[in-house]
Amino acid sequence: MGAHRSCGCAEVGPRLTSPPPIGRVYGRRRSRRLKGKKAELFDSGLDRVAIRLPDPPAQLDPLTLFEPRPTSVWLEIGFGGGEHLAAQAAARPDIGLIGCEPFINGVSNLLLLLEEAGSGNVRIFSEDARLLLQSLPPGSIDRAFLLFPDPWPKRRHTERRFANQEALDLLAEVLADGAELLVATDHPILKEWMPPRIAEHSGFRLEGSWTERPEGWPPTRYESKALAAGRKPIYLTYRRAVRALPSKT
C-alpha cells in the first residue's frame, strides 16, 4: 500500500471491513508507457537503489542500505513523482532517504531527478509500504512523510487509506522517540478523516497545523495541482511520543 495519487477510480468490490491484505497494492501500477531516458533508468538503474527485504524473522537495518553510512534515515510513503524526495536528498546529503511508491511512472521520474542532481542517498521500495515497515527495527526511522496520499474517497474503500489503525501501528513502531511525521492533504474527505485518526493514536501527538506550506517543505506536483484547482491543502506535523519505560518488578 503506497500513498500515491494514482487514479480517481477504484476497484469495484464489497465494502471492506478490515485492512487490505499486506502486499496488496490497489490502483494503477503504470499509466503511460515509459520512454527514452526514464525507460532506460528504470531498466538499468532501479536495481542499484532498490530495497530487497530479508526473509522473516530477520530485520533490515536501514543504515546499512547506504554508503557512506548516513547520520539518520528518513522515510517517505507514497512519493508520487518524487519531487519532494529528490529535493530532500539534494538538501541533506548526510541523510539516507527511503521512498515507497508502487507507481512505476513515479519511480522512473524519481530516478531521473536523482541522476540529474547526482544524489546517491535515496533507496526505493516499490511495493506495499507496510511490507517494508514490518521489516524495519523499532525506532530505526527519524522522520517520515505522508504527503498528498490517495484519498480513496468511496466509503467502501475507507480501509485502503494509509492512515488506518494497522498502518499507524506499524509506522509508530519504526519511528524513533521524538521523530517527526509530516502529513499533507488537499482532499476534503481526508482533511476530515485523517487528522483525528492520527491524533487518537497513542504513538503520535500533534505539534503544528498550517494552511500554507511551512518553510523547509519542498513542493510536490500534487500540491501544485491542488492549488491550481482552488483546493487549499493542510500541513500537519506530529511527534512520535516517547515510549514508556518497562516497569520494574
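Q: In which hand does α2 pass α3?
A: In this predicted model, the crossing of α2 past α3 is right-handed.

Q: At what angle do helix α2 and helix α3 pack, and how far apart are their axes?
A: Helix α2 covers residues 83-91 and helix α3 covers residues 104-117. They pack at an angle of about 25 degrees, and their axes lie 9 Å apart. Angles under 35 degrees count as roughly parallel, so α2 and α3 are roughly parallel to each other.

Q: Which residues in α2 meet which residues in α3?
A: From α2 come Glu83, Leu85, Ala86 and Ala89; from α3 come Asn109, Leu110, Leu113 and Leu114. Sorted by type, the residues of this contact are six nonpolar, one polar and one charged.

Q: Where is Gly118, and is Gly118 buried or exposed?
A: Gly118 sits in the loop between α3 and β3 (122-125). A residue counts as exposed when its relative accessible area is over 50%. Gly118 has 64%, so Gly118 is exposed.

Q: How many residues of strand β2 are buried?
A: Buried means under 20% relative accessible area. In strand β2 (residues 95-100), six of six residues are buried. Ile95, Leu97 and Gly99 point one way from β2, while Gly96, Ile98 and Cys100 point the other way.

Q: In which sense do strand β1 and β2 pair?
A: Strand β1 (residues 72-77) pairs with β2 in the parallel sense, over six bridges. In one of these strands, β2, Ile95 is the bridge partner of Ser72.

How values were computed:
Residues are numbered from 1 along each chain as its sequence is written. This is a predicted model: local features need pLDDT of at least 70, side-chain atom pairs count only at pLDDT 80 or more; totals for chains, interfaces and linings use all residues. Side-chain values use heavy atoms; hydrogens and water are left out. Axes are lines fitted to C-alpha atoms, for helices over the stretch in contact, and angles run from 0 to 180 degrees between N-to-C directions. Helices (H or I, at least four residues) and strands (E, at least two) are DSSP runs, numbered from the N terminus. Angles under 35 degrees count as roughly parallel, over 145 as roughly antiparallel, 65 to 115 as roughly perpendicular and the rest as oblique. A crossing is left-handed if the near helix is turned anticlockwise from the far one by less than a right angle, and right-handed if clockwise. Contact means heavy atoms within 4.5 Å. Ala, Val, Leu, Ile, Met, Phe, Trp, Tyr, Cys and Pro count as nonpolar, Asp, Glu, Lys and Arg as charged, and the others, Gly among them, as polar. Buried means under 20% relative accessible area, exposed over 50%, partly exposed in between (1.4 Å probe, protein chains only). Two strands pair if DSSP finds at least two bridges between them.
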